[in-house]
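Please examine the sequence and the structure before reading each solution.

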Amino acid sequence: MTTALLTICGMLLIAAGGLKVVIPGPATDALAVAGLPSHPLLVRAGALAELLLGAAALVWSDRTVAILVGLSFAAFAAFVERLRRLPDAPSCGCFGGAGEVPSARHVVGNLLLAVGCLAAAATHAPSMVTLLRQHPSTGAVFVVATVTAAWLAGLVLRGGPGSELS
């Protein structure tokens with residue numbers, strides 16, 4: 001279970017980081033609204049670090065990586081909560097899009113993912129790559145399931161279907 005949570009978080013970091021590398025504008029705007037440094041090159045550098053941390057979460061079963069991923073999701077939760085409290089924050093820019101509403105659902109989702117990563121660190125969860133190497137057929141099913149779960153988690157965090165409930 002904790003391997004799945006860490007894998008989902010890794011995939012989300014890769015997707016969100018990759019999108020912000022290509023489209024830094026919404027995240028740049030969100031940082032500016034929050035009163036934080038907001039140059040597009042700074043956003044791209046942070047997004048690249050996010051992407052690399054996500055890749056590390058998929059490859060290495062290391063406590064430090066799991067803790068860093070958990071802390072990054074906790075930081076994202078704090079950032080989204082800060083934006084939620086500002087009247088002129090139209091988007092969080094987390095996935096490179098302009099319509100991503102900073103919502104309570106987004107904050108809670110990030111916090112739950114952070115806790116899952118910290119649980120992965122505490123239980124020494126194996127990485128996705130380790131699972132694939134040790135159990136190829138089960139690992140393949142695991143990858144399909146976690147890709148699907150990451151896509152669904154991304155919908156929830158972005159404010160996809162049902163965003164009126166946020």
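An axis is a line fitted to C-alpha atoms, for helices over the stretch in contact, and angles run from 0 to 180 degrees between N-to-C directions. Helices (H or I, at least four residues) are DSSP runs, numbered from the N terminus. The model is predicted: local features need pLDDT of at least 70, side-chain atom pairs count only at pLDDT 80 or more, and totals for chains, interfaces and linings use all residues. Residues are numbered from 1 along each chain as its sequence is written, and side-chain values use heavy atoms, with hydrogens and water left out.

**Exercise 1.** Describe how H1 packs against H7.

*Solution.* 
Step 1. Two packed helices are described by the angle between their axes and the distance between the axes. For H1 and H7 (residues 136-158), the axes come within 9 Å and cross at roughly 60°.
Step 2. Angles under 35 degrees count as roughly parallel, over 145 as roughly antiparallel, 65 to 115 as roughly perpendicular and the rest as oblique. H1 and H7 are therefore oblique to each other.
Step 3. Contact means heavy atoms within 4.5 Å. On the H1 side, the residues that meet H7 include Thr3, Ala4 and Ile8, and their partners in H7 include Phe142, Val147 and Leu157. The residues of this H1 and H7 contact comprise 11 nonpolar, 4 polar and no charged (Ala, Val, Leu, Ile, Met, Phe, Trp, Tyr, Cys and Pro count as nonpolar, Asp, Glu, Lys and Arg as charged, and the others, Gly among them, as polar).

**Exercise 2.** Describe how H1 packs against H4.

*Solution.* 
Step 1. The axes of H1 (residues 2-22) and H4 (residues 63-84) come within 11 Å, crossing at roughly 60°.
Step 2. H1 and H4 are therefore oblique to each other, and H1 passes H4 in a left-handed crossing.
Step 3. Leu6, Cys9, Leu12 and Leu13 in H1 meet residues of H4, among them Ala66, Val69 and Phe73. This contact of H1 with H4 has 8 nonpolar, 1 polar and no charged residues.

**Exercise 3.** Which helix supplies the largest share of the lining of the largest pocket?

*Solution.* 
Step 1. H1, H2, H3, H4 and H5 each supply at least two lining residues.
Step 2. H3 gives the largest share of that lining, 7 residues.

Terms used. A crossing is left-handed if the near helix is turned anticlockwise from the far one by less than a right angle, and right-handed if clockwise.
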